[in-house]
Amino acid sequence: DRSIHDLRIVEKYLKMKNIDYKIFRYGHYQQNEYLDFLQYAKYGIWIGGHETQGFALQTALSCNVPLLVWDVTELSHKVNIGHHYATAIPYWDDNCGIVFYKYDEFEEKYNIFIQKLYTFHPREYIVNNLSIDVCSRKFLDIVNEIKI
């Protein structure tokens, strides 16, 4: 889980710039509402925790919504189990948006992101890398390589 402080940093900046926004919090929104919103969103800001597949994030990308992602670098656990690499964006490339890791990078990365907004094409990444056709071909390639 991310700190509410992280969200407040982003909210404060958006309010200062008079930018309208809507918050979708994991586990607290309806899928239909999210999909409807994505149809009109120009971009999204993702304050991510670690993910295994990132379905909600991939849904935004598949709707061609570029993302500014405040990513994580390690698993967060209540128990000390040592250091383990993690990310909020297991599937990603520069066509999807911009990633940053520290709160003091937010304003600079946001401004760069907005300047480049129309150069991103996240749906293209999804279609070329994560579509059913592409994934089924990859799966069949793996199966065909297995020697029994």
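At 10% relative accessibility, E11 counts as buried (buried means under 20% relative accessible area, exposed over 50%, and partly exposed in between, using a 1.4 Å probe and protein chains only). That value comes from a predicted model, where local features need pLDDT of at least 70, side-chain atom pairs count only at pLDDT 80 or more, and totals for chains, interfaces and linings use all residues. Residues are numbered from 1 along each chain as its sequence is written, and side-chain values use heavy atoms, with hydrogens and water left out.

E11 has a partner: its side chain meets that of R8 in a salt bridge, 2.4 Å from N to O (a salt bridge is a side-chain nitrogen of Lys or Arg within 4 Å of a carboxyl oxygen of Asp or Glu). Both R8 and E11 sit in helix α1, residues 4–16, and they are 3 residues apart, about one turn of the helix. Helices here are DSSP runs of H or I with at least four residues, strands are runs of E with at least two, and both are numbered from the N terminus. R8 is partly exposed, at 43% relative accessible area.

A search of the whole structure turns up 2 salt bridges. E33 is partly exposed at 34%, and K22 counts as partly exposed at 39%.

The loop between α1 and α2 holds F24 too. F24 counts as partly exposed, with 21% relative accessibility. Setting aside neighbours within four places in sequence, F24 is in contact with Y29, E33, Y34 and F37 (contact means heavy atoms within 4.5 Å). The C-alpha atoms of F24 and A56 are separated by 10.0 Å, and these residues are 32 apart along the chain.

Most residues other than glycine have a negative phi. N18 is not a glycine, yet its phi is positive, at about 55°. N18 lies in the loop between α1 and α2, where it counts as exposed at 70% relative accessibility. N64 also has a positive phi, about 65°, although it is not a glycine. N64 is found in the loop between α3 and β2 and counts as partly exposed at 36%.

Helix α3 itself, residues 55–62, has L57, Q58, T59, A60 and L61 buried. What do these buried residues of α3 pack against? They pack against α2 (31–38), β1 (44–47), β2 (67–70) and α5.

Helix α5, residues 122–129, also meets α6: their axes come within 5 Å and cross at roughly 35° (axes are lines fitted to C-alpha atoms, for helices over the stretch in contact, and angles run from 0 to 180 degrees between N-to-C directions). On the α5 side, V127, N128 and N129 make the contact, while α6 brings V134, C135 and K138. By class, this contact has 3 nonpolar, 2 polar and 1 charged residues. Ala, Val, Leu, Ile, Met, Phe, Trp, Tyr, Cys and Pro count as nonpolar, Asp, Glu, Lys and Arg as charged, and the others, Gly among them, as polar.

On the surface, F139, L140, I142, V143, I146 and I148 form a nonpolar patch, with about 700 Å² of accessible area together. Patches are made of residues with over 30% relative accessible area and no salt bridge, joining like charges within 9 Å and nonpolar side chains (Val, Leu, Ile, Met, Phe, Trp, Tyr) within 5 Å. Accessible areas come from the Shrake-Rupley method with a 1.4 Å probe, and for residues only the protein chains shown count as cover.

Y101 and V72 are 29 residues apart in sequence, and their C-alpha atoms are 6.3 Å apart in space.

Zooming out, the protein chain has 6 helices and 3 strands, in the order α-α-β-α-β-β-α-α-α along the sequence. Of its 148 residues, 30% count as buried. Among contacts between residues at least 6 apart in sequence, 64% join residues at least 24 apart. The chain exposes about 10500 Å², and carbon and sulfur atoms supply 52% of it.
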